[in-house]
Each structure stands twice: as C-alpha cells, then as structure tokens.
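Biologist: I'm new to reading protein models. Could you walk me through this one, feature by feature?

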Amino acid sequence: ARCVLVLSPGADGVVAPLGEEPESATVAERDLAVARWVLDHGRRAGLGTETLPAAGFTFFPLNSSSKVLGVLAVEPGPEPPAPDQGSFLDAMASQIAAALDRERLSASAQQSRIEAETERLRNSLLSSVSHDLRTPLASITGAASSLLADLPKDAPSGRMELLSTIHEESLRLNRLVSNLLDMTRVESGALELGREWVPVEEVIGSALTRAERWLTNRPVETVVAPDLPLVPMDALLIEQVLVNLLENALKYTPAKTPILVAARPSGSRVEIEVSDRGPGIAAGEEERIFEKFRRLEARGRQGGVGLGLAICRGIAEAHGGSIRAENRSGGGARFVLTLPVEGTPPLAARDAGDGAL
C-alpha cells in the first residue's frame, strides 16, 4: 500500500484524517464522500470493491460493538494487491477499531468521573454556604419585621418603603437558600418522607395561604373533585411543590392573568394541576425546564436560581410519583403532579378526611 489513513468524523460530522495527514496523502472530495458512505453503512467500499469502485482508496469500516468509529483508507501501491491482503486489512481494521473503542470508553469514564466530582463539590459548597446564610438571613428578616411593626403611623413613606423592601428581599433570599438546601437533600438521598394520609384539598389550601401575599390581584380558581381519596404523602413537602409551582406561574405570566389549581383522581393515583394563561412552554423545553439551574426569562418578577422545578420533580419521585409540564389548550402552561394512592388509610384518617370534605 502506498498510504494508509484513519478517517473519523469530527464534532461537525465532517470526515477527516485522524491526527496529522501525511504530506504524500491527498484525499479528494469524492473519496471523502465514499468514506462518509462507509461510515454510515458500516461496509467496505471504494477501489477494488463492488461499491463505488472509482474511488482512489479502499475504505474499511472501523466497527465497534455499538457503532462505526471511523474508516480505514488504504491507497494501493504500484504492485497489485495480494489475494489475502483484503483479509489482512479487515483484521487490521478490527484491531484499530478495538483500540479506538478503548480510548473512547476511557475518555468517557474520565469525563463521567470529572462531572461526578464537580457535582459533588458544587453540592457540598452550596450546602455549606446555604447553612451559613440561614442565620444572618433569619436575623435580617426578623429585624425588618420588628421595625415594620413598630413603625409610627406618621413615619415618612420612604422609610416604610425601604423597610418593606428589606423585608421582602430577605424573604426572597431565604426561599432561595431553602431551595438550595432542598436540592442538596434530594440529590444526596437524604430527603426523608413523613408520610401521612392527608386530604389533598388541605394541602392545596395551605399552599395558597403561603402564597397569598404574592397572589394579590391574581384570580385563582380552585377545582377539587368531590370523590378525591386521602393520599399518603409528606404534606409539608407536597405543599412546597405547590408553592414552587404557584411562584413559577407568577414569574412567567403577565399580571392579572388567572391561575387554576385543580385535583382529580386518576385510577390508583391522584393528579394535582397548576395551570396558567401565560405564553406556554417552548417546543422541546417540556423536560429541560426540570433541569437544575435551568432559568427562563421571567416576566416582571425576579427569577430564582433555577431550582424550583428540579426540586418539585425530586419530591414527586421520592413519593413514587411524577410531574410533567405541557402546553394548555387555549394558551398557557400546565404542570401536573401525580401521586400514587397505595394501601388503606386508618379509620381515624378516613373520618378526618370525610370531615374535611
């Protein structure tokens, strides 16, 4: 052979020589097109074969167990090839493919180790910083609340506005810190569920009460099916999910647009829905919005750190349930939390649920 090259696809999908191309080697565009065909089909082609024989090289696929890693290009010399040369080159291609596959798997394993270590360090840092911030934030919030309560009625309006801003922003920071801590608990597996049989409407009511000061001038419709069963859940965590969904609806929808909170049975499960009449969810974002630190452009309200929906999914899955996002008929977005109803509630819980209904 006059020249032997290994060709592989780059990040842009273009087939090119792996490493430095020898000065004596010139691969024409038509030969690269043949190499692309071999890469796509995993079969030998080119000079001396029945497929695209007009090429200047003979191309052998470098097949791994899962895909074609590249192409071995052989330019014949002045002497005609020996009868067993094809088998020899096939064997050579298999050895090259095995070496490339080992290198690829090694690089992938190394990248996975780096990503895991980076994630561990980031979670440790977030957890440490979050714990250290909670005490001063609580002090700031408490001091601002006390000053607001003791403020004279004839105090200048500027002072009232300043104290209100301090109080509101400290509460917002406290929510962000709580989200960081919740996320580290979810990812470390330290999220402990205190399951109890609870009426869903009770949890919805608690969430709406917590979000009441944000929902000013927002029409909220609540629709709870009358035959809704009790659900075994950690009521505080599910309440946090609903609060996050309500806050998300406020961030990404225009002012004064309505929000719907609904609950209904669905076979052996219960679905709780939070819907809005905003711009909806962009195509392809239905799953990506649940990724950590995934932030979209908020409308009017300041966005968070992109953990609210990731925490919602973590809590839902810890309950054996799920959460999904989709566009709503007529415009807007729907977030549907699904929780399993397994087992039979004790008599006392059933009586309490009947009373709540």
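Modeller: Two strands count as paired if DSSP finds at least two bridges between them. Helices (H or I, at least four residues) and strands (E, at least two) are DSSP runs, numbered from the N terminus. One caution: this is a predicted model, where local features need pLDDT of at least 70, side-chain atom pairs count only at pLDDT 80 or more, and totals for chains, interfaces and linings use all residues. Residues are numbered from 1 along each chain as its sequence is written, and side-chain values use heavy atoms, with hydrogens and water left out.

Biologist: Which residue stands opposite P9 in β2?

Modeller: That's V15. The two strands make a hairpin with five residues between them, and G13 in the turn has a positive phi of about 85 degrees.

Biologist: What holds paired strands together, in general?

Modeller: Strands of a sheet pair through backbone hydrogen bonds, either parallel or antiparallel. Here, β1 also pairs with strand β5 (residues 68-75), in the antiparallel sense over five bridges. There, V6 has L72 of β5 as its bridge partner.

Biologist: Why is strand β1 called largely enclosed by the rest of the structure?

Modeller: "Buried" means under 20% relative accessible area, "exposed" over 50%, and "partly exposed" in between (1.4 Å probe, protein chains only). Strand β1 covers residues 3-9, and five of its seven residues are buried, so the rest of the structure largely encloses it. For the chain, buried residues make up 39% of the 357 residues.

Biologist: In which sense do β7 and β9 pair?

Modeller: Strands β7 (residues 220-224) and β9 (residues 259-266) pair in the parallel sense over five bridges. V224 has A263 in β9 as its bridge partner. β9 runs antiparallel to β10 (residues 269-276), though, and eight bridges join them. Their hairpin has two residues between the strands, and G267 takes a positive phi near 65 degrees.

Biologist: And the surface: which residues form a nonpolar patch?

Modeller: I140, L162 and I166 do, with about 270 Å² of accessible area together. Like charges are joined within 9 Å, nonpolar side chains (Val, Leu, Ile, Met, Phe, Trp, Tyr) within 5 Å. Areas come from the Shrake-Rupley method with a 1.4 Å probe, and for residues only the protein chains shown count as cover. I166 lies in helix α3 (residues 157-188) and is partly exposed, at 37% relative accessible area.

Key
Patch = residues over 30% accessible without salt bridge, like charges linked within 9 Å, V, L, I, M, F, W, Y side chains within 5 Å. Salt bridge = Lys/Arg side-chain N within 4 Å of Asp/Glu carboxyl O.
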